[in-house]
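I opened the model to look up its charged pairs and its nonpolar packing. My notes follow in the order I made them.

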Amino acid sequence: MTPSLPPRIPRPRSPERGTRTPWRSLRHGAMRWWSAANLVSNVGTWMQLTVQNLLVLHITGSAATTGLSLSVQAAPGLLMGLLGGAAVDAWPRKLTAAVSQAVLGLVAFVTAALVAFDLLNVVSLMVLAAVTGLVATVDAPACALLGNDLVPPDDVPSAIALGSVVSSAGRLIGVACAGVAVGTLGTAAAYAVNGLSFLCVAAVIPFLRPHPGAATAAGPPAAAGPPAARLDRLSGAGARDGLGFFVKRPRLVALTVITAVSAVFGRNYGLTLAVLVTGPLAGSSEDFGTVATVLAVGGIAGAVLAGRMQRPSVRMVGALAAAGALLQALAGLSPGLIPLLVLVAPMAVAESVSDTAGTTVLQTDPPPGMRGRVLGVWRTAETGWGLAGPPLLGLLMEWAGPRGALVTGGLIIAAVIGAGTLVHARRTASRRTPATVVPVEPAAAERAAAPVSHEPLSPIG
C-alpha cells in the first residue's frame with residue numbers, strides 16, 4: 001500500500017506581492033472611474049486640438065495670429081499660476097475640480113456654437129482662449145492632486161504613470177476620431193465632443209471617495225478651517241507663501257533646473273528630429289512618422305515601467321534625464337534611419353520614466369496644505385520655459401544645424417545635471433565631515449619648563 005502524502009500547505013501570500021505592479025492603482029474603484037473619465041476627456045481634448053490650429057488659421061488667415069492665440073491661452077499660466085495654486089489649497093479639491101471642468105465644458109460648447117453658426121471672429125477667439133487658460137490654472141493642479149487622493153501614498157507613482165498612459169492613449173484615439181468627426185459632422189463637432197468629455201469628468205467627481213490611507217497620510221484637508229483662513233490662502237500673501245516655500249526647498253529647486261534645461265535643450269523632437277530625418281538623413285515624412293511612433297511607444301513603455309516605482313527621488317530623475325540626454329546626443333550623430341530608431345526607443349523610455357518620477361516628487365514632497373501652491377509655482381515656471389524653449393532651440397538649430405542642436409543640447413543637459421550632482425555631493429560630504437582636531441600649543445616658557453605630557457590634547461571648541 002502506497003503511503004499517503006501529507007496535505008500540501010499553500011504558501012502564504014507575501015504582503016509585498018503586487019505592490020510594485022505598474023497597474024496597482026487600478027485596484028481602487030475610485031481610480032478606475034477617474035481613469036475612465038480622464039480617457040474620455042483626453043480623447044475630446046485631442047479631437048479639439050487636432051482641428052484648432054487649422055480653424056484659427058482659416059478664420060484669421062494669419063499664421064502670426066494663430067501663434068498669438070496660443071500665447072494668449074498660455075499667458076494666464078505664466079501670470080496667474082501662483083493664484084490658481086492658492087485657490088486649490090483654499091477650497092475643497094473635489095468642488096474646485098468639478099467646477100473648473102464644468103466651466104471648460106461650457107467654453108467648448110460656446111466655441112462649438114459660434115463655429116456652427118459662423119460667428120467666431122478674432123475677438124471672441126482671443127477671449128475664449130484667455131478664459132480657457134485662466135480656468136486651466138486652477139483645473140490642472142486640482143485634478144492632479146484629486147487623482148492622488150484616490151490611492152494610498154505608495155500607489156501615487158502608479159496613479160501618475162497610469163495618467164500618462166491614459167493621456168497617450170487619449171491622444172492616439174482623439175487624433176484618429178477627429179478626422180472622422182470633422183469629415184462627417186463638421187469642425188464644430190470636435191468642440192462639442194470635447195465639451196461633453198468635460199461634463200463626463202465633472203459628473204464623475206462627486207462620486208469619488210478619497211482613499212483612507214491617503215487621507216491619513218495627508219492629515220487635515222488643505223481647505224479646512226474658517227473662511228478667513230481660506231481667504232488668506234487665496235490672497236496674494238498665500239501665493240507668496242507658496243513661492244517662498246518652493247525656493248527654500250532644495251529638492252524642488254533641483255527638480256526645476258533639471259526639467260527646465262531638459263525642456264529647453266531637448267524634448268522638442270517634433271522640430272529637431274523632423275529636420276534631421278527630412279534633411280541630413282534624406283528621409284521622407286513617412287520616415288519621420290515612424291520615428292514619432294517609436295517615440296510614442298517608448299513614452300508609453302516608460303510610463304508603464306515608472307508605475308513600478310514607490311518612492312522616486314530627485315537623484316533618480318536627474319540620472320534618467322542625463323541618460324536620455326546622452327542618447328539624444330548620440331541620436332544626433334546617427335548615420336541613418338535604423339540607428340536613429342535604435343537610439344530613439346530607449347531615449348523615450350528613459351525620459352518618460354524621468355518625467356513620471358519628477359511629477360511624483362513634485363506632487364508628494366510638499367506638505368498637503370501647500371501642494372496646490374507648489375503646483376501653481378511649477379505651472380508658472382513651466383509656462384515660462386515652454387514659451388522660451390522653442391525660440392532658443394530654433395536659434396541653436398540656426399547656428400549648429402539639426403545634428404549640432406541634438407548633440408549640443410544633449411551635452412548641455414548632461415553637463416548641468418552632472419555639475420549639480422557634484423555640488424550636491426560636496427555639500428553632503430562637508431556636512432558629514434567631523435570637526436578637525438587642533439592641538440593647543442603651550443606657551444614657549446611652559447614648553448621649556450614643563451615635562452613632556454603623553455595625555456591627549458583637547459580640541460578647540
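I started at D155. D155 counts as buried, because its relative accessibility is 4%. Buried here means under 20% relative accessible area, exposed over 50%, and partly exposed in between, with a 1.4 Å probe and protein chains only.

A note on the source: this is a predicted model, where local features need pLDDT of at least 70, side-chain atom pairs count only at pLDDT 80 or more, and totals for chains, interfaces and linings use all residues. Residues are numbered from 1 along each chain as its sequence is written, and side-chain values use heavy atoms, with hydrogens and water left out.

Next I asked which residues pair with D155. R27 meets D155 in a salt bridge, at 3.1 Å from N to O. I took a salt bridge as a side-chain nitrogen of Lys or Arg within 4 Å of a carboxyl oxygen of Asp or Glu. This pair links distant parts of the chain: R27 is in the segment before α1, D155 in the loop between α5 and α6, 128 residues apart. R27 has 49% relative accessibility, so I logged R27 as partly exposed.

R24 also forms a salt bridge with D155, and the closest N and O atoms are 2.8 Å apart. R24 sits in the segment before α1 (29-60) and D155 in the loop between α5 (122-149) and α6 (156-185), so this bridge ties together parts 131 residues apart in sequence. Helices are DSSP runs (H or I, at least four residues), numbered from the N terminus. R24 is at 0% relative accessibility and therefore counts as buried.

I then checked R373. R373 forms a salt bridge with D89, with the closest N and O atoms 2.8 Å apart. R373 lies in α16 (residues 371-432) and D89 in α3 (residues 81-90), so the pair ties together parts 284 residues apart in sequence. Both R373 and D89 are buried. I noted nine salt bridges in the structure.

Last, the packing. The largest nonpolar core has 52 residues, and those with the most contacts inside it include M31, W34, I205 and F246. A nonpolar core is a set of buried Ala, Val, Leu, Ile, Met, Phe, Trp, Tyr and Cys residues joined through side-chain atoms within 4.5 Å. Another core of 17 residues lies apart from it, with L55, V56, L120 and L128 among them.

Technical notes:
Helices (H or I, at least four residues) and strands (E, at least two) are DSSP runs, numbered from the N terminus.
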